[in-house]
Structure formats: structure tokens, C-alpha cells
Amino acid sequence: MALWEQGGGNGFQQRKAGGEGDPNNGQRSAIKGVLTCTIRTILNAKHSEAENCFIYKYFKFNTVMIMGLIRDVNHEVNGSLAMYNLDDHSGGVIEIKWWHDDSGEPLKPLTYVKVVGQVKIFSGRAHVVAHHVSRLQSLNELVAHSIECVHASMAIRKQASTINGTNTNRNGFTLIQNAVINFLKTATTSEGFSVTEISTQLKQFNENQVRQTLEFLSGEGHIYSTTDDDHFRTGNNN
Amino acid sequence: MTHHYRINGSMIQQFSGKPVSIIGTVSKIHPSGNVLDLETSDQQHIVVRSSDHIVDVNPGNIIEVLGEVDNRNQIACDTIVTFEPEQTANFDMDMYNQAVMLFQHYPQDYLVNL
């Protein structure tokens, strides 16, 4: 409905730009959770307005935990904002903004710190607004962090490829496409299988996904409908 | 600023010409003050040449060396990171060594921007 059609014809109502007036904005859940990652990952990521988070490959995040060497220190005159350039040797330096109270001694260059904070983008450059900055208590933490980064990448990568079924197989079909085709190949009648039968068989996917896949596959000519639009089978060979 | 590979002594040759990060124990500092001998996590010895005079480093200290492997399998280093004694008191050098070797097995996850 256009803006001027609202308000019953008595001129138009002011619609708040985003915020409370917009039923979509703010309802999209921000990605929660803390991603243990390298600075390179953050610098490579792009901000997605649609998903309200940063995305790089299979990583989606807003909050990160990073560990790196302070290269430069910049304390504001009133002492409550500290800015550090952090380097974890992954290729790239990122700015950390930390609003803190005056307690504790200031951190110096060439000190390793652990930072947990939100990734923000300003003028095309990403930086981290930290809510936690602390010196490493043991060098073992650095080793553990590196291992965790690799582990997080591995776990998220595997999760992304199985849940979405977008993992491509050697023959170019995705996981779900392959599953549908393989099941249809077992059909013994010219009628093939119905959408319901296929859905029941392939428990790991929902009916919607199955329907979409069937639509795609028949459009490409890999399968064809038989007695009606709800029944499919493959061709006579492969 | 490029990615520095975490390596140990036996990987030095493999990473010739590349930027690396090595954590090890200082075995000795040369009289010149610019060169030190580092014992790596796999008990090998490598020579580290620093661009600046080496300060705050003593034999027995655990340090991190950031630099490049030159054609003599020595490290041309631009940064030496030192630690407080408490930070390295319980350092598990063997776990670090295993981690370093592990990373080579998972290049896709170690270097995410591959």
C-alpha cells in the first residue's frame, strides 16, 4: 500500500523510517553467539543488511572473540576510550575500540590480548567495539585459541553444507537432488512415486524442499511427471 | 600485512621465503646482539637475525619470532615478542608443536581465506 493511501484519505500519515513502524525491521533475529575467529576472517567479511550480520564464506557473525598482538595504542585524553590496532598474524590489522573505566594499567604494544566484541563497519572498514579486553595470562591460551579457530571453521563449514543440502556431489547434483533421484530410480512401476511417498522416504528434508527439488529436476529433464503432477519417475536408464 | 604461518624447526625449509611465526626457547644470544639461537618446539635449532638490537631477551626465555625464512634457512626477523615469566611458566611446548603440525593438515580451516 502506498504511503498516501494510508490514513483513510486525509492526507498521508508519517511513516517512521524503519524502527517501530516497520513490521519487518528489528524482527529479523541478529545472529547470536560468539565466533572464535581470526582477524582476517573479519576483514574479509561483508555486512549483510538482509541478515543483519557479517558474512564471510560459511561464517555469519556479529560478535567475535579474537586474540592478537597490540601494535599501536591510542588513548583518548579523558582516558575512557582506548583504541588498539590488533594483529594476529592472519594477514591484516583491525582496530579495537574499548570504552573502559580507568582501572588497570594501560596495555602496551607487543602485548597479546584477548578481545571479545561486536564487529561494526564504518566508512567501509570493519572494526571491533570491545566489551572485554584482557591480557593473556598464559601463552597456552594463544595456542588454544588458534586451535579453536580451526575447529570453529571446520564445525561451521560442515554444518553449513549438510543442513542446507547445498553440498555438491561429484555429478553436479546437490545432496537433496541426489537423494530424490536415487530414490526415484528404485521405482518399479511406470507411475513412479508420489510427492508424499518421496517426502516420507527422505526424512531429512521437508516436503517443501522435496517439491522444489522435483520442480527443478523435472524442469531440467532429469525426471518427469507420470499419472499427475504429483507423481514422478526417472528415465529408463541411469 | 600478510599471513604468518606458524611453523616448527622441521618446516623451515618448506617455508623458505615465506612469512612465519615461531615460538621457541632462546638458547643463546650472539655477542653481536642482533642474532640469537632459538630452540624450536621440535627440538631443532634455528638462527634468528633481528633488524634491531635484541633487548629484554635472555637465554631460557620463551619468545615468539615473526619474520621471513631466508635462503639460508634462518629467520630474518622484524618482531620479537617477549612474555612475562607467569605467562610462559606452564607453557606446553609439546602441545604447541602438535598444533603447528595439525594446522598443516587442515589448510582450508587454518587459512580460511584460501
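In S4(A), Lys60(A) is the bridge partner of Ile55(A). Helices and strands here are DSSP runs, numbered from the N terminus: helices are H or I with at least four residues, strands are E with at least two. This is a predicted model, where local features need pLDDT of at least 70, side-chain atom pairs count only at pLDDT 80 or more, and totals for chains, interfaces and linings use all residues. Residues are numbered from 1 along each chain as its sequence is written, chains are lettered from A and ligands numbered from 1 in the order in which they are written, and side-chain values use heavy atoms, with hydrogens and water left out.

**Chain A overall.** Chain A holds five helices and twelve strands. It has 238 residues, and 41% of them count as buried. Buried means under 20% relative accessible area, exposed means over 50%, and partly exposed lies in between (1.4 Å probe, protein chains only). Take the contacts in chain A with a separation of 6 or more: residues 24 or more positions apart account for 49% of them. A contact means heavy atoms within 4.5 Å.

**A three-stranded sheet.** Strands S2, S3 and S4 of chain A form an open sheet in the order S2-S3-S4, with antiparallel pairing. Strand S2 (46–48) and strand S4 (59–61) stand at the edges, each with a single partner strand, so one side of each has no neighbour in the sheet. From one strand to the next, the twist averages 30°. Two strands pair if DSSP finds at least two bridges between them.

| Strand pair | Direction | Bridges |
|---|---|---|
| S3(A) (residues 53–56) and S4(A) | antiparallel | three bridges |
| S7(A) (residues 93–99) and S9(A) | parallel | four bridges |
| S8(A) (residues 112–122) and S9(A) | antiparallel | ten bridges |

Which residue of S9(A) is the bridge partner of Ile96(A)? The partner is Val128(A). His127(A) in S9(A) stands opposite Lys120(A). S8(A) and S9(A) form a hairpin with two residues between the strands, and there Ser123(A) takes a positive phi near 55°.

Ser138(A) sits in the loop between strand S9 (125–135) and helix H2 (139–163) of chain A. Its relative accessibility is 17%, so Ser138(A) counts as buried. The side chain of Ser138(A) reaches the backbone nitrogen of Asn140(A) at 3.0 Å.

**Two crossing helices.** Helix H3 (residues 175–185) and helix H5 (residues 207–220) of chain A pack at an angle of about 75°, and their axes are 10 Å apart. Axes are lines fitted to C-alpha atoms, for helices over the stretch in contact, and angles run from 0 to 180 degrees between N-to-C directions. H3(A) and H5(A) are therefore roughly perpendicular to each other. Angles of 65 to 115 degrees get that label; under 35 is roughly parallel, over 145 roughly antiparallel, and the rest oblique. Ile176(A), Gln177(A), Val180(A), Ile181(A) and Leu184(A) make the contact from H3(A). From H5(A), the contact residues include Val210(A), Leu214(A) and Phe216(A). By class, this contact has eight nonpolar, three polar and no charged residues.

**A residue in chain B.** Glu68(B) belongs to strand S5 (residues 62–69) of chain B. Is Glu68(B) buried or partly exposed? At 42% relative accessibility, Glu68(B) counts as partly exposed. Glu68(B) and Lys18(B) are 50 residues apart in sequence, yet 5.4 Å apart in space, C-alpha to C-alpha. Leaving aside neighbours within four places in sequence, the contacts of Glu68(B) include Lys18(B), Pro19(B) and Ile75(B).

Terms used: Ala, Val, Leu, Ile, Met, Phe, Trp, Tyr, Cys and Pro count as nonpolar, Asp, Glu, Lys and Arg as charged, and the others, Gly among them, as polar. A polar contact is a pair of N or O atoms within 3.5 Å; within protein, one must be able to donate a hydrogen and the other to accept it, and residues adjacent in sequence count only if both atoms are side-chain atoms.
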